Amino acid sequence: MKPFLSLCMIVKNEEKVLQRCLDSVHGIVDEIVIVDTGSTDATKEIALKYTNKVYDFEWTNNFADARNFAQKHATGEWILVLDADEYVERTNLQEMIQQLKQADDRVEAYDVSIYNFVGVYGERVLQHRHTRIYRNVPYLRYDRAVHEQLRHVSGEYVEAKTGILTIYHTGYMRHVVAEKKKHDRNAQLIEREMKAGESVAFDYFNLGNEHLSKGEVEQALQAFIQAYQYKKDIRLSWVSYCLVQIILCLKYLQRFDDALRVIADAENIYSETADFPFLRGEIYYLQHRYDDALKQLEYLLENKGKYPYTIKTFEYIEYDPHMLLGQIYKHKGNLQKAIYHFSCALSFNRKSYEALYNVLQLLARVHSEAEIVQFIENKQLANDLLAISLVARIASALHLENVMKWLVTKLDDAVIQRGFEIKANMLQNAYDDALQKILKSSVADLQTYVRSGSLDSYDLLVLAFKTNQWDVVRLLLHLVSDQKEKEFLLFMLNEHEQAPESMFYLFLLERTIQLKEYELFEQFLALKNRFAPSVHIQVAHLLHRYEFTDVALQLYRSVDNMNDWDANAFVNVMEALAVKNEIMEAMQYGLLAISFGHHDFRLYKYVIELMDICGMSEEKKKIVQQAKQLYPDSEWLLKHKD
């Protein structure tokens with residue numbers, strides 16, 4: 001009997017993930033065809049455990065060639081295409097097969113949903129749709145060297161129906177991308193496709209994605225704009241995604257007004273997608289227009305039914321709005337609503353460091369550590385190694401000693417457990433105990449500590465200074481691969497004269513605050529004059545963030561040249577002075593910042609509110625008019641025009 005569904009795969013050096021993929025489909029698909037393009041690990045041995053249809057293919061720098069080679073060896077009526085770093089949910093695949101069996105004879109292919117896990121631990125999920133199931137007929141073949149597309153042999157693209165299958169993809173997690181250098185490989189193949197000139201718009205879109213993945217935002221923006229300009233049909237699946245990418249690039253470049261204009265245009269075309277109303281709310285938030293953002297994001301959550309679709313990620317519907325609302329209410333001092341929204345975000349993404357950090361941070365203000373442990377248990381937030389490590393890293397950052405001690409007992413990996421024990425020793429000021437454990441550790445152990453997040457360079461620097469054991473830093477020099485970080489370590493040992501990048505210095509200062517090593521903070525703070533004056537401002541920002549407002553205020557005021565002040569410096573000084581009821585001085589700082597050309601929304605908002613308090617109605621009208629020229633769509637300003 002002819003097989004109904006064949007799985008076709010192309011693989012190379014996929015021993016880490018291939019078994020997971022094949023386990024998810026084995027016994028459900030009728031045939032497995034695997035094409036190997038030159039593996040040097042155990043990939044082929046793993047494949048042969050599931051099928052005898054494993055074929056060698058000499059790589060031609062063309063993914064379509066390899067896909068078509070696999071199809072030649074498939075005998076099923078339909079073909080499912082998976083990559084080794086993907087997998088499916090078995091019940092969902094069985095449901096998809098039923099959909100195929102009921103398909104009209106005119107249906108040639110199906111698009112499926114692909115969920116891409118990104119980040120270090122897969123803590124974010126991006127989505128897209130792609131044609132992955134098609135009839136095994138001679139006139140359907142793949143085309144293009146990279147980001148291959150299914151076409152008729154006549155050259156026409158296939159019109160695919162919407163399938164109910166979801167594919168989960170881990171290949172864009174940070175360590176995988178770094179290992180495989182995907183972006184460099186893809187960029188070269190895309191450039192080759194562009195020279196052929198057959199699908200210029202789609203090539204520019206893919207090139208933009210590669211630039212953005214490498215942090216080349218300006219180049220990415222230009223590529224996305226060209227892709228959109230050259231598009232042949234707005235209904236093409238990648239076009240809406242391209243618009244979102246343009247907005248994100250403008251956001252990263254802080255071209256907020258341009259981003260809002262693109263959002264307004266995009267909403268006219270894609271009125272039922274959540275991406276654009278969320279991104280408007282996010283832009284308002286980044287502009288510090290917290291009241292405008294709050295209204296926009298709460299509207300989105302209250303009207304989810306109006307937005308049944310998403311383009312970039314389903315997290316735009318609930319997770320991201322809840323996270324931003326949590327931050328807004330935290331800023332406003334409404335801790336109850338902040339905890340509510342952060343908890344909602346956590347319920348949608350239990351791997352989110354940011355959501356869990358904020359929940360535990362706010363709970364720690366009003367609850368005991370024993371109650372926090374109970375909360376973690378009730379919510380089942382520490383049920384596996386990764387989850388325990390995540391909570392432990394947060395507990396250490398928040399200096400929750402007893403929570404840390406409890407978590408350490410739950411770890412079943414001896415090396416990772418020892419790493420968190422060392423961190424717990426440091427939280428308890430037991431530095432000699434921590435030192436002994438470090439000295440007994442192998443280099444491999446230290447690498448595991450760093451990889452698991454239990455310890456990092458800043459912890460070991462603090463440990464070295466607390467115990468006067470500089471061998472710890474010497475050991476660090478052998479572990480650290482980044483040259484700039486090595487220069488920082490040598491700087492701390494007084495063996496590198498030139499001040500390193502300030503980022504490392506600021507991280508070290510923050511770690512002393514987290515460990516409550518305030519004397520050490522003062523010792524390190526004395527080094528600030530070795531850096532540019534802007535670092536003084538950054539240190540003051542750090543102190544303000546950890547609510548050392550008086551010390552931060554003193555440090556801000558120590559920077560005489562206000563050209564070195566950024567908008568945050570003025571805002572933080574205004575907030576600190578307002579709390580002290582020094583209203584007029586706070587207002588003067590705001591007016592001074594505006595005169596210096598800072599257009600942060602908070603400056604205008606605080607000045608307007610302070611003028612209200614002082615009864616300065618005429619002066620207030622002028623400031624409102626200035627602000628409206630910069631933020632014409634602000635509803636908050638509309639309410640305060642009189």
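This is a predicted model: local features need pLDDT of at least 70, side-chain atom pairs count only at pLDDT 80 or more; totals for chains, interfaces and linings use all residues.
View 1. Side-chain values use heavy atoms, with hydrogens and water left out. Helix α15 (residues 353-366) packs on helix α17 (residues 385-397) at about 45°, with the axes 10 Å apart; helices are DSSP runs (H or I, at least four residues) numbered from the N terminus, and axes are lines fitted to C-alpha atoms over the stretch in contact, with angles from 0 to 180 degrees between N-to-C directions.

**View 2. Residues that join α15 to α17.** Y353, L356, Y357 and L360 of α15 are in contact (heavy atoms within 4.5 Å) with L390, V391, R393, I394 and A397 of α17. These residues comprise eight nonpolar, no polar and one charged, where Asp, Glu, Lys and Arg count as charged, Ala, Val, Leu, Ile, Met, Phe, Trp, Tyr, Cys and Pro as nonpolar, and the others, Gly among them, as polar.

**View 3. Helices α17 and α19 are roughly parallel to each other.** The axes of α17 and helix α19 (residues 414-427) cross at roughly 15° and come within 11 Å. From α17, L385, S389, A392, R393 and S396 make the contact with I416, F420, K423 and L427 of α19, a set that divides into five nonpolar, two polar and two charged.

Definitions and conventions:
Residues are numbered from 1 along each chain as its sequence is written. Helices (H or I, at least four residues) and strands (E, at least two) are DSSP runs, numbered from the N terminus. Angles under 35 degrees count as roughly parallel, over 145 as roughly antiparallel, 65 to 115 as roughly perpendicular and the rest as oblique.
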